[in-house]
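Visitor: I would like to go through this model with you, one part at a time. Could we start with how the helices sit against the sheets?

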Amino acid sequence: MVPHLTTALTGPLLELERQFLDNASDIEKWFRVQWQDHMPPFYGSTDLRNSGFKLAPVDLNLFPGGFNNLNDAFMPLCVQAAQVAIERICPDASKLLLVPENHTRNQFYLQNVAKLVSILRLTGLEVRIGSLLPEIAAPTVLELANGATLTLEPLRRSGGRVGLDGFDPCAVLLNNDLSAGIPPVLKGLDEQWLIPPLHAGWHARRKSKHAECYDRVAREFAAAIGIDPWRINPEFGVCGQINFQERTGEECLAAQVDSLLTRIRAKYKEYGVGDEPFVVVKADAGTYGMGVMTVKDASEVVGLNRRQRNKMAVVKEGLQVHEVIIQEGVHTFETVEDGVAEPVVYMMDHYVVGGFYRVHTERGRDENLNAPGMHFKPLAFDTCCTLPDAAQGPDAPPNRFYAYGVVARLALLAASVEIEETAPLEELGEAA
């Protein structure tokens, strides 16, 4: 079940949360049926936004990099969920190879790798780390700021398998989002489990495809419990003809922004919402909060200045942006320690295993918080909590964050559908 996440959070209680609690039994049954039809990703994290009238996911990461931000109280749940995930994929696994991002100086990311390794080792696996960096030609020990160490080793390819010197793993777990494409050493593996599959990487994946899958999942879920799907679903549009540097495709982008804002204004009027609607324009592929801008009027995306164009034109690994998703903006009423905050929920297999708040003291409630200056606030786990209690209020333990776990799992289910439906892209990527 979903853990009880306790914070100093204050804010309006959601009528939506009450509906989730009243329908908790039906919700869990609905999820149980869904997971029989769709294999959950090994892990994932979801950024949520809670406006008080709408609770929706705004991003889903299939290569989560913040396990170091989880409270240590979450460790038993992480280990248990990891065991389920491994048994589902490769029951006989004894050795696992972890392939991380090419960061050797990012202490926060390296601490995430160390925490992930410790979780996996507690499942009974022998875990070693294989680096894609060409300069890692021999085992290399990295000292971490928190006192831990990591040993990176060069990857070795043998036929249809990849491993390390003296280490032939049953499975390969990617914590690298493949923004730069599929490394040759990982192409054409036919004798090992590769988790997640290659086509889940940002070289092939598109946020708009995930949004499309989530739209279907949200509509089916909403029909099952009798709510308006808009309450949990950010509307979106797509523009695949943009070149920010050459200023082409601005008309397409402006038209999509105007259409989406018009639909949002109609829903705000329906629900009596007084806030000013906005949309978020972001690269259709990629992560790290790059290539993102907040827009309140279509005129704002026409004639961008040089600084704005440079910000939007390139994302991680220097990739040029030619496709963008225009996503309905969701305000956040949540604050932690005087900073605007959004919850980030972590999952392994189909279980919620923890979360934390992304907090930014210099951003507004209608702005992207995944930006320089942000920090994280771990959420405490109440080990006595196992089930929501509909007899209590939405803010009472263990109910306050049950709704967050529900919506995060909906996003994870959408990712399962997305991976299933885009599987041919893996073959296309390897052929390229």
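Guide: Helix α5, residues 207-225, lies across β12, β13 (279-283) and β15, and runs at about 150 degrees to β12. Please bear in mind that this is a predicted model.

Visitor: Which strands does helix α6 touch?

Guide: Helix α6 (residues 250-271) packs on the sheet and touches β12, β13, β14 and β15. The direction of α6 makes about 15 degrees with that of β15.

Visitor: What is the strand order in that open sheet of four strands?

Guide: The order is β12-β15-β13-β14, and the pairing is antiparallel. At the edges stand β12 (236-239) and β14 (292-295), each of which pairs on one side only. From one strand to the next, the twist averages 20 degrees.

Visitor: How many bridges join β12 to β15?

Guide: Four bridges join β12 to β15 (residues 324-328), and the two strands run antiparallel. Within β15, Val324 stands opposite Cys239.

Visitor: Now the sheet of six strands. What is its order, and what is the pairing?

Guide: That open sheet has the order β6-β7-β5-β4-β10-β11, with mixed pairing. Its edges are β6 (140-143) and β11 (193-195); each has a single partner strand, so one side of each is left without a neighbour in the sheet. Here the twist averages 30 degrees from one strand to the next.

Visitor: In which sense do β5 and β7 pair, parallel or antiparallel?

Guide: Strands β5 (residues 126-131) and β7 (residues 149-154) pair in the parallel sense, over three bridges. Gly130 stands opposite Glu153 in β7.

Visitor: Which strands does helix α4 lie across?

Guide: Helix α4, residues 107-121, lies across β4 (95-100), β5, β6, β7 and β10 (171-175). Relative to β4, helix α4 runs at about 170 degrees.

Visitor: Changing topic: which residues have the most contacts inside the largest nonpolar core?

Guide: They are Phe20, Phe221 and Ile232, in a core of 59 residues. Helix α8 (residues 402-421) gives the most to this core, with 14 residues. At least three residues of the core come from each of domain 1 (12-64 + 206-420) and domain 2 (72-203).

Visitor: What is Phe221 in contact with, beyond its neighbours within four places in sequence?

Guide: Phe221 is in contact with Phe20, Ile27, Trp30, Ile227, Ile232, Val406 and Leu410. Apart from this core lies another, of 43 residues, with Ala81, Leu110, Val344 and Met348 among them.

Visitor: Back to α8. How many of its residues are buried?

Guide: Of the 20 residues of α8, 18 are buried, so the helix is largely enclosed by the rest of the structure. At 1.5 Å a residue, α8 should span 28 Å, and its end C-alpha atoms are 29 Å apart, which agrees.

Visitor: And Trp35: buried or exposed?

Guide: Trp35 counts as buried because its relative accessibility is 9%, and the cut-off for buried is under 20%. Trp35 has its place in helix α2 (residues 24-37).

Visitor: What is Trp35 in contact with, leaving aside neighbours within four places in sequence?

Guide: Its contacts are Pro40, His350, Arg409, Leu412, Leu413 and Ser416. Trp35 and Leu413 are 378 residues apart in sequence, yet 7.8 Å apart in space, C-alpha to C-alpha.

Visitor: Finally, how many helices and strands are there in the protein chain?

Guide: The protein chain has nine helices and 20 strands. Of its 432 residues, 58% are buried. Among contacts with a separation of 6 or more, residues 24 or more positions apart account for 72%.

Conventions. Residues numbered from 1 in each chain as written. Predicted model: local features only at pLDDT ≥ 70, side-chain atom pairs only at ≥ 80, totals over all residues. Heavy atoms only, no water. Pairing = 2+ DSSP bridges. Axes fitted to C-alpha atoms, helices over the stretch in contact; angles between N-to-C directions. Contact = heavy atoms within 4.5 Å. Core = buried A, V, L, I, M, F, W, Y, C linked by side-chain atoms within 4.5 Å. Buried < 20%, exposed > 50% of the residue type's maximum accessible area, 1.4 Å probe, protein only. Domains from an automatic or database assignment. Expected span 1.5 Å × (residues − 1).
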